[in-house]
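Hello,

Here is the structure for your files. My notes on it follow below.

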Amino acid sequence: MATTDSALSSGEYIKHHLQNLTYGRFSDGSWGIAHGADEFKEMGFWAFHIDTLGFSLVLGVLFLFLFYKAGRNMTVETPGGFQNFVESVIDFVNDNVRGSFKGKNPLVAPLALTCFIWIILMNTMDLVPVDLLPRIASLMGVEYLKVVPTADPNATFGMSIGIFILMIYYSIKQKGIGGFVGELTLHPFGKAMFPVNLLLEGVGLLAKPVSLALRLFGNMYAGELIFILIALFPFYMQWALSLPWAIFHILIVLLQGFIFMVLVIVYMDMAHTKATDH
Amino acid sequence: MNINLTLVGQLIMFAMFTWFCMKFVWPPIVIAMEERRKRIEEGLLAAEKGMHEKEEAHKKSKEIIKESKEKAAHIITNAKSQAASIVEDSKELASIEAEKIKNRTTAELEQDTIKAKNELKNQISDLVMKGVSVILEKEVDSKNHKEILNKLTQSL
């Protein structure tokens with residue numbers, strides 16, 4: 001809270017909240033946790049965001065643990081509360097996969113489920129009061145903490161690049177290298193114009209993972225930023241703004257997870273089916 | 001918002017989670033759900049089959065009752081007609097028997113009559129013989145005139 005941290009100006013407060021806890025390589029070759037903007041710059045690519053990785057790991061493990069336990073305790077006759085929830089989620093994902101994915105691949109539905117639940121859990125971190133976890137961390141001596149993994153482009157791009165690799169892998173597996181290259185070069189104008197085709201189709205192909213990552217990142221980053229801005233208001237005013245925004249944000253949290261899942265399914269379907277002539 | 005090694009870590013984590021989900025989380029849940037779907041379907045089918053069977057059995061039992069009623073009626077009519085025919089037969093038999101008895105007794109009566117007549121003849125002839133012998137004690141020898149006497153009795 002800015003009012004209590006008198007040493008911090010509003011700008012510094014925002015900057016501080018948008019800074020990940022980073023572990024990386026200093027210019028002299030040694031590894032350590034970064035303190036201050038200069039050190040973040042110094043590390044460049046050779047750094048890990050401990051908070052992003054930590055929270056996403058914990059949340060991913062939580063998701064898998066809960067669903068694994070539900071799967072182990074599945075009963076056919078009398079499903080209990082959590083099993084019902086898991087089943088409805090699985091049904092929901094399965095319906096989407098059946099609706100959009102025409103091929104046959106046992107990977108797609110679990111992939112969609114993982115994206116859906118994991119992203120929702122990571123997005124949900126946005127609903128934890130912005131100052132709560134960083135404050136606790138700072139009391140324990142941790143200087144920086146950014147709790148929403150999906151508000152870190154590294155997380156969203158990490159996922160979308162994984163999707164991109166799968167898209168290319170299955171495109172080549174299903175259509176052959178010739179088929180895949182043909183898809184990139186023979187549309188939409190025919191053989192003679194293949195450089196133009198390659199440019200158009202190449203952009204189209206690359207835009208998929210980029211848009212997938214940036215959409216999720218943008219939404220969550222903006223959401224988090226607004227929570228931070230609201231936190232700059234005097235404490236007696238905060239609830240009037242943060243409550244509506246949090247309620248609205250619940251929608252975004254679920255919606256972004258859903259959109260990511262649907263797009264993953266659609267991209268997988270595109271990778272599995274031959275493109276028709278435009 | 002700088003891109004760094006976090007991306008690689010996240011990518012690896014994503015791959016591992018997806019793999020684990022595909023291997024250990026997804027299949028048991030889906031299998032159990034499929035199993036339940038099948039069971040419900042089977043149950044509904046069985047219920048429908050049971051209803052159908054019940055209806056069939058109901059129909060069948062009605063048919064059986066109807067048939068047995070018909071059979072009973074048939075048996076009763078049969079029995080009645082049989083009884084009637086037995087009565088008829090026994091009537092006929094009785095009348096035949098009566099006829100026979102009547103005939104026999106008539107024959108017996110006739111025979112008895114003949115017998116009695118014969119006896120009477122013999123007795124009369126004896127009487128005549130006695131009378132004659134008394135009258136003709138001396139003149140007539142019963143031995144000599146036996147033939148004549150026999151002729152006489154024959155003609156009687």
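Predicted model: local features only at pLDDT ≥ 70, side-chain atom pairs only at ≥ 80, totals over all residues.

**The sheet in chain A**

A:Gly24 has A:Gly32, in E2(A), as its bridge partner. Residues are numbered from 1 along each chain as its sequence is written, chains are lettered from A and ligands numbered from 1 in the order in which they are written, and side-chain values use heavy atoms, with hydrogens and water left out.

Strand E1 (residues 22-25) of chain A pairs with E2(A) in the antiparallel sense over three bridges. Strands here are DSSP runs of E, at least two residues, and helices are runs of H or I, at least four, numbered from the N terminus; two strands pair if DSSP finds at least two bridges between them. The open sheet has three strands in the order E2-E1-E3 (chain A), with antiparallel pairing. Strand E2 (31-33) and strand E3 (47-49) of chain A are at the edges with a single partner strand each, so one side of each has no neighbour in the sheet. On average, neighbouring strands of this sheet are turned by 15 degrees against each other, direction ignored.

Helix H3 (residues 50-72) of chain A packs on the sheet and touches E1, E2 and E3 of chain A (contact: heavy atoms within 4.5 Å). The direction of H3 makes about 45 degrees with that of E3(A); axes are lines fitted to C-alpha atoms, for helices over the stretch in contact, and angles run from 0 to 180 degrees between N-to-C directions.

**The interface of chain B and chain A**

On the chain B side, 28 residues are in contact with 53 residues of chain A. The buried area is about 3,700 Å², of which carbon and sulfur atoms give 78%; this is the accessible area (1.4 Å probe) that two parts lose on being put together, summed over both.

**Salt bridges**

Over all chains there are six salt bridges (a side-chain nitrogen of Lys or Arg within 4 Å of a carboxyl oxygen of Asp or Glu). The rule finds one across the interface of chain B and chain A: A:Glu87 with B:Arg36, the closest N and O atoms being 2.7 Å apart. Within chain A, A:Arg98 and A:Asp95 form a salt bridge at 3.8 Å, N to O. Both residues lie in helix H4 (residues 81-100) of chain A, three residues apart, about one turn of the helix.

Regards
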